[in-house]
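Welcome, and please have a look at the model below. The report that follows takes it one topic at a time.

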2 protein chains.
Amino acid sequence: MTKLLPSDKALVPFVSVDHMMQLIHHIGVEETLRGLADYIEADFKRWELFDKTPRVASHSDKGVIELMPTSDGDVYGFKYVNGHPSNTKAGLQTVTAFGLLADVASGYPVLLSEMTMLTALRTAATSALVARVLAPKGSTVMAMIGNGAQSEFQSLAMKAIVGITEVRLYDIDPAATAKCAENLAGQGLKVTQCTTAEDAMLGAQIITTCTADKQYATILTDNMVGAGVHINAIGGDCPGKTELAPAILQRSDIFVEYPKQTRIEGEIQQMAPDHPATEFWEVLTAKAKGRTSDKQITLFDSVGFAIEDFSALRFVRDQIADTGFFHPLDLLADPDDPRDLFGMLQRAKA
Amino acid sequence: MTKLLPSDKALVPFVSVDHMMQLIHHIGVEETLRGLADYIEADFKRWELFDKTPRVASHSDKGVIELMPTSDGDVYGFKYVNGHPSNTKAGLQTVTAFGLLADVASGYPVLLSEMTMLTALRTAATSALVARVLAPKGSTVMAMIGNGAQSEFQSLAMKAIVGITEVRLYDIDPAATAKCAENLAGQGLKVTQCTTAEDAMLGAQIITTCTADKQYATILTDNMVGAGVHINAIGGDCPGKTELAPAILQRSDIFVEYPKQTRIEGEIQQMAPDHPATEFWEVLTAKAKGRTSDKQITLFDSVGFAIEDFSALRFVRDQIADTGFFHPLDLLADPDDPRDLFGMLQRAKA
């Protein structure tokens, strides 16, 4: 039998950047963030089921390219992601990403998706999920230190999932703050532009740090942080890149995604290898305690973990089924007879 | 500035299965095999330059999904590949694959390609490259044991690169042999269908084994193999899957791609961890000896290595530039201002 068009088995749904953006608007940005947080929470609650492995990194003097695989036994997923701080100078993204889901039983891919946009959303959804659990009850004000690509997503996720009503913005570059403020206008948040980090932290129950330096930096010093806050530290996410003074870490109860990875990449790379850190999934499943007092500083030392990407891809897969925001991609060779790949090639000549 | 269409920076060339087949026919199957062998040889000769890491495998009771990354410092590549022997029952491929190249300096992907078809070609090109160096000079006859998806590619690669003129086919399933013979008709090879493995090996200087059992099998027993031949063993390629009797390995000089991987996945998993095995790149660079006598049995214990996929993707990237056999894929988010991913999302709403 001659087959000239790819069969269904050959086709993998592909979500382009354009389709991803259409999908997000179709669902709504805040509803997407809530949906992602729900999927991430569901997967964190079955944490022990997952194959967990530290990311596979290829380092160069310019940056890093990583593969982040995981599996829940039924579905396999991985993300490709790069981190190149100098890219912005060339008008490129510091971080780009794409990801894939596959069926464990057959090994066949079932989804290929852009993940630059999706990673921004899942990172924010994860931060807000953690803050919903760990931040002081009734938190309404967030300080947003670092007003780059992640800042608007963080702000809207904290609004949608935690219920904050005000963000106080600060960046060493006032243009970044102005950009963030402009983007957040009309989104239902009180937005205050601040000229110092101290000013941004006035009255904030949640402090989010997300700056882009690839070096040991001190965005927050010890005397800037009062009792009872929740710190959401997402900028320190690779070896040599941290944002918080060690003294803050000493005063905080630290929560992490996957200690094996966070001790290499997170803020706690500054601390002893046995410095206490609670896995967040254990708080969700009541195996460990979260916030236990009003005076306590809780710190989410976030580096991003493969399971969050897996959850995000699951969310996208479930959403596109009905909405059609994908292209079928002719990615897999599917001969009529699996032993006859050469025959398939020959027939394509005709 | 409103940007509604993806920019050049957002677009990654994608080679579909259909485009791959068109490209192969445009170049010619044998010329493609020769081109791939040249690229693989060039990369084997600069072997020490590469980041080498064993593949990252996710095993299940049905099969395995693997990521195979490597980098030469300028270009990064990885392949996604599955191995699911029971897939054929469901009319699916045992092995499907796709791959990617990226620019190390920026982390941006520069090529996404199907690799089911391409892997079949690069595996055959590697086998033939090795046989060109190790098989007896003037080899003209190959026994092809196992007449599945790889058999025609092996036969044509040995013709194009080594100069064989006859293949002698054997498979436990006569239908597979008939399929292979039919596909090879008119390709310039004398094709002989055999009813036993012993018959297939009559007069053969090269013996290729490529069967699909996922278990310790003995496709070749010791008394079947005479002196002076070259064995190209490509079917034993994962833990628990071998094809040759240990006694043959004892009598052979064994050549491998990457010992760390081959000792886990190849025929030599049956041998002691320190059983001698020569890295083939060392033969190409004259650091080690290849065939030294007419009586010697040389054995290429092939499992497939990431660098071969890297070479194959480089070949495809160089070929599609002029021929246009690709689609531009909107895989990367590319905002005007890299810090303004949210602004890009907002503008997509309009």
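## Ground rules

Here, buried means under 20% relative accessible area, exposed means over 50%, and partly exposed is in between, with a 1.4 Å probe and protein chains only. By that definition, Lys179(B) and Glu152(B) are both buried.

This is a predicted model, in which local features need pLDDT of at least 70 and side-chain atom pairs count only at pLDDT 80 or more, while totals for chains, interfaces and linings use all residues. Residues are numbered from 1 along each chain as its sequence is written, chains are lettered from A and ligands numbered from 1 in the order in which they are written, and side-chain values use heavy atoms, with hydrogens and water left out.

## Salt bridges

A salt bridge is a side-chain nitrogen of Lys or Arg within 4 Å of a carboxyl oxygen of Asp or Glu. Side chains of opposite charge can pair when their charged atoms come close. How many salt bridges are there over all chains? The count comes to 36.

Helices (H or I, at least four residues) and strands (E, at least two) are DSSP runs, numbered from the N terminus. Arg314(A) and Asp43(A) are both buried, and they belong to a salt-bridge network that links Asp43(A), Arg46(A), Asp72(A) and Arg314(A).

In chain B, the side chains of Lys179(B) and Glu152(B) meet in a salt bridge at 3.0 Å, N to O. Lys179(B) lies in helix 5 of chain B and Glu152(B) in helix 4 of chain B, so the pair joins parts that are 27 residues apart in sequence. Glu166(B) and Arg168(B) also form a salt bridge through their side chains, at 3.2 Å, N to O. Glu166(B) is buried, with a relative accessible area of 12%, and Arg168(B) is buried too, with a value of 11%.

Now for strand 12 (residues 230–233) of chain A. His230(A) and Asn232(A) point one way from this strand, Ile231(A) and Ala233(A) point the other way, and all are buried.

Two strands pair if DSSP finds at least two bridges between them. Strand 12 of chain A pairs in the parallel sense with strand 10 (residues 206–209) of chain A over four bridges, and Thr208(A) stands opposite Asn232(A). Strand 12 of chain A also pairs in the parallel sense with strand 16 (residues 297–301) of chain A, over four bridges. There, Phe300(A) is the bridge partner of Asn232(A).

## Helix 11 and its cover

Which residues of helix 11 (residues 341–349) of chain A are buried? They are Leu341(A), Phe342(A), Gly343(A), Met344(A) and Leu345(A). What covers these buried residues includes helix 1 (17–27), helix 2 (29–45), helix 3 (116–134), helix 4 (151–162) and helix 5 (174–184) of chain B.

## Two alanines with positive phi

Ala286(A) has a positive phi of about 65° although it is not a glycine. Ala286(A) is placed in the loop between helix 9 (280–284) and strand 16 of chain A, and is exposed, with a relative accessible area of 69%.

In chain B, Ala286(B) likewise has a positive phi of about 65° without being a glycine. The loop between helix 9 (280–284) and strand 16 (297–301) of chain B holds Ala286(B), which is exposed at a relative accessible area of 69%.

Definitions and conventions: Contact = heavy atoms within 4.5 Å.
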